[in-house]
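We'll hop from one spot to the next, picking residues as we go.

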Amino acid sequence: MNKKKLGIIFVIAAIFVTWFAFDLGALFTLENAKAQHEALKDTISQNFLTASLVYFLVYITMTALSLPGAAIATLLGAALFGFWWALLLVSFASSIGATLAFLVSRFLLKDSIQNKFGSKLSTINEGIKNDGPFYLLTLRLIPVFPFFIINLLMGLTPIRTLTFYVVSQIGMLPGTAVYINAGTQLAQIDSLSGIVSPGVLLSLVLLGLFPIIAKVIMNFIQKRRVYAKWQKPVTFDRNLIAIGAGAGGLVTTYIGAAVKAKVTLIEKHKMGGDCLNTGCVPSKALIRAGHSVHEIKRANEFGVNAGEPTVDFKQVMSRVHQVIADIEPHDSVERYSKLGVECIQGEAKILSPWEVEVNGERLTTRNIVIATGARPLVPGIPGLQEVNYLTSDNVWELQELPKKLLVLGGGPIGAELAQSFSRLGSNVTLVEMADQLLIREDADAAELVVKGLTEDGVNILLGHKATRFEKDGDRQRAYLDKNGEEVVVEFDHVMLALGRVANTKGFGLEDIGVELSERGTVKVNDYLQTNYPNIFAVGDVAGPFQLTHAAGHQAWYAAVNALFGDFKKFKADYSVMPAATYTAPEVARVGINEKEAIAQGIDYEIAHYGIDDLDRAIADGEDHGFIKVITPKGKDKILGATIVGSHAGDLLAEFTLAMRHGLGLNKILGTVHPYPTMSEATKYTAGVWKQNNAPQGLLAWVEKFHAWMRNEPKNNRAEPMIKEDK
């Protein structure tokens with residue numbers, strides 16, 4: 001550290017020591033001001049400029065060094081100098097002091113912080129360069145953080161010093177005026193009756209209302225800024241238009257119609273979106289077929305000789321499409337039209353924040369909800385376009401069972417389809433780049449899934465990466481890399497299960513400048529608003545989840561915030577978001593798992609129950625898996641639950657309900673569960689927690705009490721099984 005920096009640190013330290021050693025803060029109290037009010041008034045009147053200069057310099061010092069008492073000093077200034085002169089002194093002194101703190105922070109810390117954390121701060125730096133004055137003005141008008149923190153943090157950013165001073169001068173002025181006005185009124189209180197005087201009450205009301213008024217003003221400024229280049233329609237045809245008829249769009253318009261808003265749903269392909277047509281529904285129908293084959297094969301375990309099953313794959317796929325058709329009415333145009341939703345088939349094009357074009361017609365709306373979903377990721381691996389590759393979009397068009405199926409991706413979709421096709425008779429190889437299947441889950445949960453897939457004949461290759469594909473006549477090969485070693489796998493079809501890409505292009509988002517996140521999803525705030533406050537995004541296109549029920553959950557917030565946000569907005573709550581992977585065994589989770597608890601540094605404990613001990617599981621031949629609940633040390637609050645086993649997704653509902661409504665494991669333990677059912681496993685898990693947290697000291701005394709109640713001679717009493725902790 002150079003001498004200049006050491007010198008500045010020394011001066012700051014000296015001022016702090018002097019301030020606290022001589023208790024200078026005691027001078028800046030309302031009580032002291034009252035006691036010395038007349039004397040101070042006389043001194044100020046005789047030496048007005050000198051007193052003003054002293055006050056001005058002291059205030060700058062207090063603000064620059066964040067010394068305690070600045071708020072009281074403001075009130076004192078108002079009481080002693082009057083409103084207008086105090087406003088002039090405090091306004092300039094506070095801005096100069098803030099700028100000095102800003103410069104000290106920049107001189108002492110900026111270079112080292114930026115050098116050490118530059119990559120992590122790049123997004124913040126870019127935001128400050130583009131919108132720094134607006135961010136600073138918002139913080140000054142509506143101080144989310146104390147001003148001294150703002151001064152120090154802004155010094156670490158690229159914002160210009162002059163910009164910082166000017167914005168601070170403007171941004172702090174309204175709040176300073178309100179505060180000084182309160183000070184002039186409080187200075188006039190000479191008795192208890194003065195507390196209820198109109199002037200004092202008005203000043204207190206202004207202090208309370210100012211943050212609200214400032215927030216309204218900032219929202220108005222932000223809207224004017226965002227919509228500056230657009231001409232807003234005078235009237236609107238609709239209250240809300242949703243683009244995309246998956247779960248997000250369906251729920252959004254359902255809610256809108258239920259509260260009697262005029263809503264329109266636009267879908268370019270099929271109602272129901274990916275979940276109904278290419279995702280959740282067909283995959284579960286296929287899983288059911290594979291499960292039937294598996295049950296027939298193990299029938300002899302239960303004394304039933306069913307023989308070797310044969311699979312008619314065309315019939316399997318026919319049933320898959322029949323299941324889609326049977327569920328389709330739930331999401332149909334007919335149903336939603338009866339509910340009051342205007343359904344339009346066609347490609348939407350957003351022309352402005354309030355205008356959408358479809359089928360050559362221009363529609364106006366107060367709000368737009370983007371619910372366009374996502375599509376399977378197709379990577380640019382050399383040779384991929386030359387081979388027969390499948391995605392979750394077109395796999396349902398198969399009419400012949402692939403003899404050799406290669407699945408890329410060991411996430412939920414890849415694991416589910418790999419197991420199902422293997423059970424139906426395909427020779428399946430599952431390739432995952434990571435060293436664990438289902439990488440987001442705990443290792444012990446993933447291990448049981450690997451065991452289940454392996455028993456069903458899936459060849460699992462962990463730590464392998466596909467580098468290229470090759471087609472030689474009728475033979476197709478994938479070349480994989482395993483720590484520099486090449487592995488070759490032959491296949492008939494390759495299934496891509498490598499994630500999904502948000503659908504953000506082709507319908508006008510890029511034309512009007514809707515911002516995207518680093519992940520390629522539409523960037524939204526806590527209220528699911530884009531950078532245009534009247535345009536919302538939900539579901540896969542917005543993230544962070546790619547779950548049908550998450551899209552529906554977000555849709556409620558988007559619909560309510562869009563239609564009633566001028567009065568009250570709600571932040572989307574993701575604190576309790578369940579998810580399930582429908583392999584055998586199933587993996588279901590809500591809240592955090594052990595891996596995440598460790599990453600977050602939580603002091604946790606685990607209640608672990610093995611389902612192999614459950615009576616119903618034993619009777620059903622499903623005695624495998626476990627329930628693992630994460631709680632804080634010594635508390636029954638559920639932070640997360642992971643279930644691996646048969647019907648894990650169904651069992652998870654009880655933990656989800658408990659977490660959502662703040663119920664702990666003691667409540668689950670005190671709930672009667674029917675015997676014999678799988679649901680008893682949740683109660684037994686709560687019992688494990690209770691046993692682990694039994695009050696050992698109290699139980700030792702209880703044991704002694706029971707011995708005393710038996711009139712047992714003291715010398716004949718057995719030693720307590722549980723001894724009191726010392």
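Is L88 buried, exposed or partly exposed? Select it: at 40% relative accessibility, L88 counts as partly exposed, where buried means under 20% relative accessible area, exposed over 50% and partly exposed in between (1.4 Å probe, protein chains only). Before going further, note that this is a predicted model, in which local features need pLDDT of at least 70 and side-chain atom pairs count only at pLDDT 80 or more, while totals for chains, interfaces and linings use all residues. Residues are numbered from 1 along each chain as its sequence is written, and side-chain values use heavy atoms, with hydrogens and water left out.

**Stop 1: the nonpolar patch**

L88 is found in helix 6. Helices (H or I, at least four residues) and strands (E, at least two) are DSSP runs, numbered from the N terminus. Helix 4 (48-65) and helix 6 (83-141) each supply at least two residues of the patch, and helix 6 gives the most, with 3 residues.

**Stop 2: helix 5**

Select 70-81. Helix 5 has 12 residues and reaches 16 Å from its first C-alpha to its last, close to the 16 Å expected at 1.5 Å a residue; the expected span is 1.5 Å times one less than the number of residues. This helix is mostly covered, with 9 of its 12 residues buried. Among the buried ones are L75, L76, L80 and F81. Click on G82, which follows helix 5: its phi is positive, near 85°.

**Stop 3**

Next, show the 5 strands that form an open sheet in the order 8-15-9-10-11, with parallel pairing. Two strands pair if DSSP finds at least two bridges between them. Its edge strands are strand 8 (389-390) and strand 11 (459-462), each pairing on one side only. Select strand 9 (residues 404-408), which is mostly covered: 4 of its 5 residues are buried. Strand 9 pairs with strand 10 (residues 427-432) in the parallel sense over 5 bridges, and you can find L406 standing opposite T429 in strand 10. On to the next pair: strand 10 and strand 11 run parallel and are joined by 4 bridges, with L430 opposite I460 in strand 11.

**Stop 4**

Which order do the strands of the open sheet of 3 strands take? The order is 12-13-14, with antiparallel pairing. Strand 12 (465-472) and strand 14 (485-491) are the edge strands, each pairing on one side only. The twist averages 25° from one strand to the next, with axes being lines fitted to C-alpha atoms (for helices over the stretch in contact) and angles running from 0 to 180 degrees between N-to-C directions. Strand 12 pairs with strand 13 (residues 475-482) in the antiparallel sense over 7 bridges. Pick E470 and look across: R477 in strand 13 stands opposite.

**Stop 3: salt bridges**

How many salt bridges does the count come to? The total is 25, each being a side-chain nitrogen of Lys or Arg within 4 Å of a carboxyl oxygen of Asp or Glu.

- Select E622 and R298: their side chains meet in a salt bridge (3.3 Å, N to O). The pair links distant parts of the chain, 324 residues apart, and both E622 and R298 are buried.
- K349 lies in strand 4 (residues 348-352) and D511 in helix 17, so the pair ties together parts that are 162 residues apart in sequence.
- Finish with R589 and E441, which meet in a salt bridge (2.9 Å, N to O). R589 is in strand 19 (residues 586-591), and E441 is in the loop between strand 10 and helix 16 (443-455), 148 residues apart. R589 is buried at 12% relative accessible area, and E441 is buried at 13%.
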